[in-house]
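Good morning, colleagues. I would ask you to keep the structure in view while I go through a few of its residues.

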Amino acid sequence: MQNILASKAVGISELKANPAAVLSAAEFEPVAILNRNKPVGYLISPSVWEALADHLEDIELVAIANSRLHDGKPLIEVSLDEL
């Protein structure tokens, strides 16, 4: 059994029949697209995608900062005014 990671779900035939309604439903949260009651994709709004992309970028930047913090090189103190 496969988990559906959305509170709303529509069949692929419903998506084909009325894509505007499905897009409208996806404005604030993801909509699972189902084929034979199994998720085959998720539809999200541009604003949700942008928030996800920003979050992933933040995670990547934290990983880079942590690797540089623990690379064994001496730390250099800098004031905000110097930046």
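Where is the place of Asn37? Asn37 sits in the loop between S2 and S3. Please bear in mind throughout that this is a predicted model.

Let me begin with that loop. Asn37 has a positive phi of about 65°, although it is not a glycine. Its relative accessible area is 70%, and because exposed means over 50%, Asn37 is classed as exposed. Arg36 is also placed in the loop between S2 and S3. For Arg36, phi is positive at about 55°, and this residue is not a glycine either. Arg36 is exposed, with a relative accessible area of 77%.

Which residues make up the largest nonpolar core? Six residues form it: Val10, Val22, Ala26, Val31, Ile33 and Leu43. As general background, nonpolar side chains in soluble globular proteins tend to be buried together. When neighbours within four places in sequence are left aside, Leu43 is in contact with Val22, Leu23, Ala26, Glu29, Pro30, Val31 and Ile33.

How many salt bridges does the structure hold? There is one salt bridge. In that salt bridge the side chains of Lys8 and Glu29 meet, at 3.5 Å from N to O. The pair links distant parts of the chain, with the two residues 21 residues apart. Lys8 belongs to strand S1, residues 8-11, while Glu29 is in the loop between helix H2 (19-25) and strand S2 (31-35).

The next residue is Ser45, which is located in the loop between strand S3 (38-43) and H3. Ser45 has a relative accessible area of 9%, and because buried means under 20%, this serine is classed as buried. Which backbone atom does the side chain of Ser45 reach? The side chain of Ser45 reaches the backbone oxygen of Glu27, at 3.1 Å. Not counting residues up to four places away in sequence, Ser45 touches Ala26 and Glu27. Ala26 is also a member of the largest nonpolar core.

With residues up to four places away in sequence not counted, Val48 touches Glu27 and Phe28. Val48 and Asn18 are 30 residues apart in sequence, and their C-alpha atoms are 21 Å apart in space. Ala53 also lies in helix H3. Ala53 counts as partly exposed, at 31% relative accessibility. The C-alpha atoms of Ala53 and Lys38 are separated by 26 Å, with the two residues 15 residues apart along the chain.

Finally, I come to the segment after helix H3 (46-69), where Leu83 is found. Is Leu83 buried or exposed? At 78% relative accessibility, Leu83 counts as exposed. Together with Ile76, Val78 and Leu80, Leu83 forms a nonpolar patch on the surface. The accessible area of these residues together is about 530 Å².

That concludes my presentation, and I thank you for your attention.

Conventions: Residues are numbered from 1 along each chain as its sequence is written. This is a predicted model: local features need pLDDT of at least 70, side-chain atom pairs count only at pLDDT 80 or more; totals for chains, interfaces and linings use all residues. Side-chain values use heavy atoms; hydrogens and water are left out. Patches are made of residues with over 30% relative accessible area and no salt bridge: like charges are joined within 9 Å, nonpolar side chains (Val, Leu, Ile, Met, Phe, Trp, Tyr) within 5 Å. Accessible areas come from the Shrake-Rupley method with a 1.4 Å probe; for residues, only the protein chains shown count as cover. A salt bridge is a side-chain nitrogen of Lys or Arg within 4 Å of a carboxyl oxygen of Asp or Glu. Helices (H or I, at least four residues) and strands (E, at least two) are DSSP runs, numbered from the N terminus. Buried means under 20% relative accessible area, exposed over 50%, partly exposed in between (1.4 Å probe, protein chains only). A nonpolar core is a set of buried Ala, Val, Leu, Ile, Met, Phe, Trp, Tyr and Cys residues joined through side-chain atoms within 4.5 Å. Contact means heavy atoms within 4.5 Å. A polar contact is a pair of N or O atoms within 3.5 Å; within protein, one must be able to donate a hydrogen and the other to accept it, and residues adjacent in sequence count only if both atoms are side-chain atoms.
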